[in-house]
Amino acid sequence: TSIFDLDELLRLIIILATEELHAETGSLMLIDKDKEELSIKTAIGIDDDIVKKARIKIGEGISGWVAKKGKPLLITDVETDNRFSHMRSGKNYDTKSLLSVPLIAHGVPVGVINVNNKRQGEIFTEDDLDLLSTLASQAAVAIENANLHEFLVEKEWLDREMEIAHEIQMSLMPKVSPNLSCYNIKAVSIPAQQVGGDYYDFISIDENTLG
């Protein structure tokens, strides 16, 4: 929870998950709410091409099911699980046993952690599922913190940019009003926010004419 770099955090989470569960491969997927799909943000033991191209609709496949239901899943025999059948395409699938658990923030699934195949050929157990679920609950909080930190940093940067823009805009305004014998002239510009679209100036056209 003290790591605020999101990429570094996600990488650490999947390293911890695969190491603690002695898994051959693992992936962490986050939900794109606009597209209603999951994409892999970091992975171990999975080809880069698969990581870049993988897109899973919410509700489809194992990860999609977990993301939609918000419930952890233990599968001890992938070959006999109907939810995985469309991914096998008639071939033996490399994954024999897997765990898939949701990342839930404020009661809403934001992603999924998957680990596949124990290194010694063992099958994942309910204890393994409980361990990964515990890690996932802590990871979801850490991810939320990292996202919030990133938002605040960006907001601080934008606020500073707007402050600079405000200073520039104000510097373009006349510092003093003209001193005329026949008129008293005063002006002020106060943007509703930090900057505005209005501008004024006093232009001396000749000794008897002011623009």
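**Fold, cores and a buried glutamate in a predicted model**

Me: How many helices and strands are there in the protein chain?
Reply: The protein chain has five helices and eight strands, where helices (H or I, at least four residues) and strands (E, at least two) are DSSP runs numbered from the N terminus. This is a predicted model, in which local features need pLDDT of at least 70, side-chain atom pairs count only at pLDDT 80 or more, and totals for chains, interfaces and linings use all residues. Residues are numbered from 1 along each chain as its sequence is written, and side-chain values use heavy atoms, with hydrogens and water left out.

Me: In what order do the elements run from the N terminus on?
Reply: The order is α-β-β-α-β-α-β-α-β-β-α-β-β.

Me: What radius of gyration does the chain have?
Reply: The protein chain has 29 Å, whereas a compact globule of 211 residues would have a value near 17 Å. The radius is taken over C-alpha atoms, and the globule rule is 2.2 Å times the number of residues to the power 0.38. Along its principal axes, the C-alpha trace spans about 95 × 35 × 30 Å.

Me: Which residues have the most contacts inside the largest nonpolar core?
Reply: They are L28, L103, I113, V115 and L132, in a core of 25 residues. Such a core is a set of buried Ala, Val, Leu, Ile, Met, Phe, Trp, Tyr and Cys residues joined through side-chain atoms within 4.5 Å. Buried means under 20% relative accessible area, exposed over 50%, and partly exposed in between (1.4 Å probe, protein chains only).

Me: Which elements each supply at least two residues of this core?
Reply: These are α1 (6–20), β1 (23–32), β5 (98–105), β6 (108–118) and α5 (126–172). Helix α5 gives the most, with nine residues.

Me: And what is I113 in contact with?
Reply: Leaving aside neighbours within four places in sequence, the partners of I113 include I13, I14, A17, L28, L103, L132 and A136. Contact means heavy atoms within 4.5 Å.

Me: Which residues are in the other core?
Reply: Another core, of 14 residues, lies apart from the largest one; L38, V51, I75 and V112 are among its members.

Me: Changing topic: is E37 buried or exposed?
Reply: E37 is buried, with a relative accessible area of 11%. The residue is found in strand β2 (residues 37–44). Beyond its neighbours within four places in sequence, E37 is in contact with L30, I31, D32, R55, I56, K57 and I58.

Me: What share of the whole chain is buried?
Reply: Buried residues make up 33% of the 211 residues.
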